[in-house]
Amino acid sequence: MGTSVQVTPLCGVYNENPLSYLISIDGFNFLIDCGWNDVFDPSLLQPLSRVASTIDAVLLSHPDTLHLGALPYAMKHFGLSAPVYSTEPVFRLGLLTMYDQYLSRKQVSEFDLFTLDDIDSAFQSVTRLTYSQNYHLSGKGEGIVIAPHVAGHLLGGTVWKITKDGEDVIYAVDFNRRKEKHLNGTVLESFVRPAVLITDAYNALNNQPPKPQRERDRDFVDIISRTLEGGGNVLLPVDTAGRVLELLLVLEEHWSLKSLNFPIYFLTYVSSSTIDYAKSFLEWMSDAIAKSFETSRDNAFLLRHVTLLVSKSELDKVPDGPKVVLASMASLEAGFSHDIFVEWASDVKNLILFTERGQFGTLARMLQADPPPKAVKVTMSKRVPLTGEELIAYEEEQNRLKKEEALKASLVKEEESKTSLVPDNSSDPMVIDTHNKHSSLDGLGQHGSRFRDVLIDGFVPPSSSVAPMFPFYDNTSDWDDFGEVINPDDYVIKDEDMDQGVMRIGGDMDGKLDEASASLILDTTPSKVISNELTVQVKSSLIYMDYEGRSDGRSVKSILAHVAPLKLVLVHGSAEATEHLKQHCLKHVCPHVYAPKSEETIDVTSDLCAYKVQLSEKLMSNVLFKKLGDYEIAWVDAEVGKTENDMLSLLPLSTPAPPHKSVVVGDLKMADFKQFLASKGVKVEFAGGALRCGEYVTLRKVGVANQKGGGSGTQQIIIEGPLCEDYYKIREYLYSQFYLL
C-alpha cells in the first residue's frame, strides 16, 4: 500500500464556517488552518478541543480570521503546543489581524477569550517559510516534506504540498487563478496527478464569467465617484490586512490618474503597521509590482492619496464633506466599520460598498440580502471611565484583592520558613544554602527579625557567627595574550528574543505602537462598557461588488480537471455547492471524490504500491542526465536486485538493453510557443483553434486533455503543411521546446 492518509474535518464542511482540518499522514497529525469567525463562538471549536493534544504540526494558509483566528485560544485553552508553519506575510499580517480583532472587541465588551499576550505566545512558535521551499520534518515526521506555494487570494496565501515517499497531498482552498494588481495567480495548475487534493466548494455555484480586471475596476471607482460628487460618503467594510490591499491600490491609481481631491481614509487599529509591512513584502507580490520596484524603486504602497487613521476620534476631527473610508471589520460585527455604518446608514446620499460576502449570521450578510432590509437592530457599545460610587467601589475591591494576595504571600513564605531544613554548615562560615530560600534566624531578637529578609535571604549564617555575613567569591578568570577570555555566546541576542520584542511592541516596522493601540493597551483607568440597542433606518445605498479574490466556479472546475488528482476531498462550501461540485467531479475529474461531514474520518490512502529502491553506483556511473528546469532527467535500463542489507536495488542489466522509442518530455503551451516564434521573426497568429505559422505551416493540438478516472489523456501536436523550408524550420523550433530521451 501507499502512504496512509486520513482526513477529518473539524469545522468548515457543508457550510461556510471557519476552516480547520485534521490530516494524518502515516500517523503524523497535521492541523491545516485553525480558523474562527467574527462572532467568536467557542462552540465551533469543540471538535478541535478533542484532538488538540494529538496534533504534531499546524499549517496556516491565509492571514485572516477564518484561517487562523482560533490559534491563540486553542493554544491557551486546549493545550495545542505543536510547531506552526506559514509564510512570512501570513505570520506578520495574521498577527496584526488578531491584534485588530482583540482591540476592536476590548473597546466595546469585556472580551476575555484571549489577550494580547496569548496572541504573542501563539505566534512565537511560527516557523516562516518562503514559496517553494522544501522543509523536511524530523523526529516523528521523518521523511515528510512540506512546501508552501502561491495561492493568489491574500498576500502570502498558501497552497500546501505535503510529500511522503513520492506521493503528494495538496491542500488548496481559497485560491485565485487571475493575476491582480498586487498578487500573482495561483500555481495550483502546475501540480499534476497528486495522490490527494483537498479543496473547497465555496464558489462552485458562481458560474458568472468574471469581468476583465480593467472593467471591474472602472465600475468600482465610477460608483464611488458618483456618490462623492453627489455629496455622499462611501464606507467600505474591509478586513484588517487582506483584500484591503488590492482595494487601496485600485483607489490610489484612480485618484492619481484623475487628480481627485476627495479624501480617502484607511481606519483600523493597526493601519500604519499594515502598510509598513506591505511596503516590505514586495517580493511576495505580483511580477508587475516587483519589476516596478527593481527598475524605478517605485514602491506601490507609498500611498499619496490615502490617509492612515488608527482611531475613530481622528476621523471625527476631519473636515466635513464627501469622503471614502475603508474600515475594519468586513462583517460589521465590531470595529470602526460598525460604528460608521450606524452613523451613515440613515443618509440617502451615502453608500455602503461591500467587496466580499459577509460571514454567515453577521450584520454584513443580513444587509447583502435581496432585497436588503429597510431597518436593522444594532447594539452600540462603548467603554467609559468609572465615576462616583462605582469608582469608589472598584478601588475598594482592588484594595481588598491586594490585601488578600499579600496575606496569601506572607502565609506561604512563613510556611516555607517553618518547613525548611537548615543544614549544618558550622565547618564553613560562608556556604550558600541552595535548598532554602527563606531561612529563619533564631536569637537575633526583635530588631534582627525585622530586617531578616534583607540581611540573610539566600544564605544561612553559621551557628558560630554573631551576625549574618555576606558571602565572598573570588572570581578567577582565564587570560591569554589578548586579555581576559570571554564566551561569545554571552553577548549574542537570540532570534526568538528579537522576534518577541518586535511582537510585544505591536509589530510596527519602526518599533512603535500604533497610537490608538498603545493608548488602549497602556490605559489603566478603571472603566466599564455601556450598551444600548437601537434601530437603524437603512436609507443609504447598499452595493456588493466581487473583490474576494477567489476563482469562480468555471475556473475551479477547469483547474481540477487539469490537476486530475487520484483522490479528491471537498470542504468549505454550502451543502448545495458541495454536492454540485462533487457530482461534477465524479463525472469529469476522477472516480474517487469525498465530501466528509464534520468529525467524519475518511481514508484516502493511495491504492498505489510504493517501494524504496537504492540506485547502485555501477548503474549511476553510466547514466547521462539532461537538465529540465530545476530537475535533471535520464532514461535508465536496469534490473531489480538486492544489496547485502536485503534492500532493493537497481543494478545494471546483465545483457545489452533493447532499443527504446524516443520519449518526448515537456508540456507545450501554444500561447508561449506563439511568442517564441514571433521572437524568431516568424509571422504567427491563432486561427480556428490552430496556430498558423508563416504562409503554409499550421500547428494544432489534438487529443483528450483529461479522461474520467483522473488521468491525463494523450495529447499530440500535429504539424500540417507542405515539405518546404518553413516546414523544417518550424519543426526544428518545435523540437527545441521538448527534451528527447
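**Figure 1. Overall composition of the predicted model.** Buried denotes a relative accessible area under 20%, exposed one over 50%, and partly exposed the range in between (1.4 Å probe, protein chains only). By this criterion, 46% of the 741 residues of the protein chain are buried. The model is predicted, so local features need pLDDT of at least 70 and side-chain atom pairs count only at pLDDT 80 or more, whereas totals for chains, interfaces and linings use all residues. Residues are numbered from 1 along each chain as its sequence is written, and side-chain values use heavy atoms, with hydrogens and water left out. The protein chain contains 22 helices and 35 strands, taken as DSSP runs numbered from the N terminus (helices: H or I, at least four residues; strands: E, at least two). With contact defined as heavy atoms within 4.5 Å, residues 24 or more positions apart supply 72% of the contacts with a separation of 6 or more.

Figure 2. A cavity is a set of points, on a 1 Å grid over the protein atoms alone, where a 1.4 Å probe fits but cannot get out; lining residues have an atom within 4 Å of a point. Grid points are joined across faces, edges and corners, and a volume is the space filled by probe spheres set on the points. Helices α2 (65–68) and α4 (88–106) each contribute at least two lining residues. By class, the lining has six nonpolar, nine polar and 10 charged residues, where Ala, Val, Leu, Ile, Met, Phe, Trp, Tyr, Cys and Pro count as nonpolar, Asp, Glu, Lys and Arg as charged, and the others, Gly among them, as polar.

**Figure 3. The second largest cavity.** This cavity has a volume of about 80 Å³. Its lining includes D174, F175, D200, Y202, R550 and V556. Five nonpolar, two polar and three charged residues make up this lining.

Figure 4. I264 belongs to β13 (residues 264–267) and is buried, because its relative accessibility is 0%. Leaving aside residues up to four places away in sequence, I264 touches L251, W255, H305, V306, T307, V324 and L326. The C-alpha atoms of I264 and L308 are 8.7 Å apart, although the two residues are separated by 44 positions in sequence.

Figure 5. Seven of the nine residues of α11 (residues 336–344) are buried, so the helix is largely enclosed by the rest of the structure. Those buried are F336, S337, H338, I340, F341, V342 and W344. In the loop between β15 (324–327) and α11 lies M329, which is joined to S328 by a cis peptide bond with omega of about 10°.

Figure 6. Y727, I730, Y733 and L734 are the buried residues of α22 (residues 725–735). They lie on the same side of α22 because they cover an arc of only 130° around the axis, the arc being that of the directions from the helix axis to the C-beta atoms. The face turned away from this buried side carries the exposed residues E725 and E732.

Definitions and conventions
On a 1 Å grid over the protein atoms alone, a cavity is a set of points where a 1.4 Å probe fits but cannot get out, and a pocket is an open set with protein on both sides within 12 Å along at least five of seven lines; lining residues have an atom within 4 Å of a point.
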